[in-house]
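This report describes the strand arrangement, the nonpolar core and selected residues of one protein model. Please consult the sequence and the structure shown below while reading.

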Amino acid sequence: MQATAYTYDPETRSGSVLLDDGTPVEFGAEAFDAGGLRLLRPGQRVRIETEGEGATLRITLVTLQTL
C-alpha cells in the first residue's frame with residue numbers, strides 16, 4: 001500500500017502517514033526500523049505494510065516508495 005509521510009519525530013522514530021483517501025495513520029519506531037530508513041520527510045511517498053483494518057489498522061513497515 002502507498003501513502004504520504006505526514007509527520008516524523010527523529011527522536012522517537014515515530015510519526016504518521018496519510019493514506020491516499022486522506023486518512024491519517026500513525027506508526028511506531030518498530031515499523032520505521034523495519035523499513036531500514038534513517039530519515040523521513042513530510043511529503044515523501046512511502047510504501048507501508050499494515051495489519052488489521054478500520055480502528056485496528058496498524059502499520060508494520062514504512063519504507064520509501066520505489067518504482
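Is Phe27 buried or exposed? Phe27 counts as buried because its relative accessibility is 5%; buried means under 20% relative accessible area, exposed over 50%, and partly exposed in between, with a 1.4 Å probe and protein chains only.

## Basis of the description

The model is predicted: local features need pLDDT of at least 70, side-chain atom pairs count only at pLDDT 80 or more, and totals for chains, interfaces and linings use all residues. Residues are numbered from 1 along each chain as its sequence is written, and side-chain values use heavy atoms, with hydrogens and water left out.

## Sheet architecture

Five strands form an open sheet in the order S3-S2-S1-S4-S5, with antiparallel pairing. Strands (E, at least two residues) and helices (H or I, at least four) are DSSP runs, numbered from the N terminus, and two strands pair if DSSP finds at least two bridges between them. S3 and S5 are the edge strands, each pairing on one side only. On average, neighbouring strands of the sheet are turned by 40 degrees against each other, direction ignored; the axes are lines fitted to C-alpha atoms, for helices over the stretch in contact, and angles run from 0 to 180 degrees between N-to-C directions.

## Nonpolar core

The largest nonpolar core comprises 15 residues, and Val17, Phe27, Leu40, Val46, Ile48, Ile59 and Val62 have the most contacts inside it. Such a core is a set of buried Ala, Val, Leu, Ile, Met, Phe, Trp, Tyr and Cys residues joined through side-chain atoms within 4.5 Å. Two or more residues each come from strands S1 (2-9), S2 (14-19), S3, S4 (45-51) and S5 (58-64) and from helix H1 (29-34). S1 gives the largest share, three residues. In soluble globular proteins, nonpolar side chains tend to be buried together.

Contact means heavy atoms within 4.5 Å. Leaving out residues up to four places away in sequence, Val46 touches, among others, Met1, Ala3, Val17, Leu40, Val62 and Thr63.

## Aromatic residues

The whole structure holds two aromatic pairs. In one, Phe27 and Phe32 are stacked, 6.5 Å centre to centre with 15 degrees between the planes. Rings of Phe, Tyr and Trp (its six-membered ring) pair if their centres lie within 6.5 Å; planes under 30 degrees apart count as stacked, over 60 as edge-to-face and the rest as tilted. Phe32 is buried because its relative accessible area is 1%. Tyr8, Phe27 and Phe32 form one aromatic cluster.

## Residues of the edge strands

Pro24 lies in S3 (residues 24-27) and counts as exposed because its relative accessibility is 55%. Beyond its neighbours within four places in sequence, Pro24 contacts Val17 and Leu18.

Thr63 belongs to S5 and is buried, given a relative accessible area of 15%. Residues up to four places away in sequence excluded, Thr63 touches Gly35, Leu37, Val46 and Arg47.
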